[in-house]
Amino acid sequence: MSEPTTPTRARTVPAETGAVAASAPEPAWRRFLSGSAGRNIGLVVALLVIVFVGAITAPGSFTSVDNLLVILRQASIIGVISIGMTLVIIAGGIDLSVGSVMGLASVVATLAAVQDLADNLHWSVMVVIALAVGVGAGLINGIVIAYGNVVAFMATLAMLVGARGLAEILAERRTLVVQDRGFITFMNADILGVDILIWIFAIVAALGWVLLNRTTFGRRTVAVGGNREAARLAGIDVRRHTMWLYAITGLCAGIAAVMILGRTTAGTSTHGQLYELDAIAAVVVGGTLLVGGRGTITGTVFGVLIFATLSNVFIQNNLSSSVQAVAKGVIIVVAVLLQQRFSRPPGRG
């Protein structure tokens, strides 16, 4: 009776061996590239390559300290918006309205009534109003998405159109000039030789890093993006958390509105056009998955710097904006392809 059992056991061995082989650990190089350290090193290398090209093609002007500060200044406003966008995308959402909300906040903050109030009290009234407009728009997005069960793409697209239209109505299609000299002086000041806009970007990025990596809110954000249903079963109020995420994104748009008011000394409905696309591009290049569940603030900062440096290199070499747009498109496609090749988001096959 023992003879018939021998072939049966012999046939089961290859199947078991195949199962073990299928569950074999990934190579060390792939695990490294999939980790945050590997992604950040890749971003650093990409940034250094762009810097090297700039130094070779425009050695006299590109490598100067003044030009470095120009790059950081140009990156600061879109960088602040990108920090908020990072949190939303990590949670599996998206916000297409940040540019329009930024324009609306800049218009509301420079209305005659607001500026008169600022003259009577303090210019910080303009700042508070801009931040309030951003948070209010973000809360509307969050409530519609979380409690109205509207797809984030459609809800924020509606806000994109609505906020831009409201800004045009309030401004009457005019440019509203900032009259308060104290506000202009403060927003154009230097601290230790560094523009105040760069400091604001650095502070927002640091706070975003702490929020994502050192708080329960950040861990819940990653959990919601990784598996929404599992996060709900774990006791996370997913709807409320989603609402506050969009409020934070709106707050970042309000901060960016204050920054662009200081830079241009004017509020207009055209502020922030296509900023949402630039922010999403920086976030994706920085390694954040569009499907949610993984991302870093550090990667987003590098993504913003890569695009800002690339733009500066094109400007220094008098190349057209069309060529620059093509180069950005290629970078985005390569970043997405690398994500698909090396990413292993938690909870997904």
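Predicted model: local features only at pLDDT ≥ 70, side-chain atom pairs only at ≥ 80, totals over all residues.

Q: Is Val150 buried, partly exposed or exposed?

A: The class follows from relative accessible area: under 20% is buried, over 50% is exposed, and values in between are partly exposed. Val150 has 32% relative accessibility, so the residue counts as partly exposed.

Q: Which residues form the nonpolar patch on the surface?

A: Val150 is one of them, together with Ile140, Val144, Val151, Phe153, Met154, Leu157 and Val161. Their accessible area comes to about 670 Å² together. Helix H7 (124-146) and helix H8 (152-171) are the elements that give two or more residues to this patch. The largest share, four residues, is that of H8.

Q: How does the helical repeat bear on such a reading?

A: An α-helix has 3.6 residues a turn, so residues three or four places apart point the same way.

Q: What is the phi of Asn149?

A: Asn149 has a phi near 55°, which is positive although the residue is not glycine. Asn149 is also in the loop between H7 and H8, and its 67% relative accessibility means that it counts as exposed. Another case is Leu192, a residue other than glycine with a positive phi near 55°. Leu192 sits in the loop between strand E2 (190-191) and strand E3 (194-195) and is exposed, at 77% relative accessible area.

Q: Where is Thr221 found, and with which residues is it in contact?

A: Thr221 belongs to helix H11 (residues 216-226). Because its relative accessibility is 0%, Thr221 counts as buried. If neighbours within four places in sequence are left aside, Thr221 is in contact with Leu87, Ile90, Ala91, His241 and Leu245.

Q: How far apart are Val128 and Val258 in sequence and in space?

A: The two are 130 residues apart in sequence, while their C-alpha atoms are 9.3 Å apart. Val128 is placed in helix H7 and counts as exposed because its relative accessibility is 52%.

Q: What span should helix H15 have?

A: At 1.5 Å a residue, the 20 residues of H15 (residues 297-316) should span 28 Å, and the 29 Å between its end C-alpha atoms agrees. Of these 20 residues, 15 are buried, and H15 is thus mostly covered.

Q: Which residue caps the N-terminal end of H15?

A: Thr296 does, with a side-chain oxygen 2.9 Å from the backbone nitrogen of Gly299. H15 is followed by Asn318, which has a positive phi near 55°.

Definitions and conventions:
Residues numbered from 1 in each chain as written. Heavy atoms only, no water. Expected span 1.5 Å × (residues − 1). Buried < 20%, exposed > 50% of the residue type's maximum accessible area, 1.4 Å probe, protein only. Polar contact = N/O pair within 3.5 Å; in protein donor to acceptor, adjacent residues only side chain to side chain. Contact = heavy atoms within 4.5 Å. Patch = residues over 30% accessible without salt bridge, like charges linked within 9 Å, V, L, I, M, F, W, Y side chains within 5 Å. Areas by Shrake-Rupley, 256 points an atom, 1.4 Å probe, with all protein chains shown as cover. Salt bridge = Lys/Arg side-chain N within 4 Å of Asp/Glu carboxyl O.
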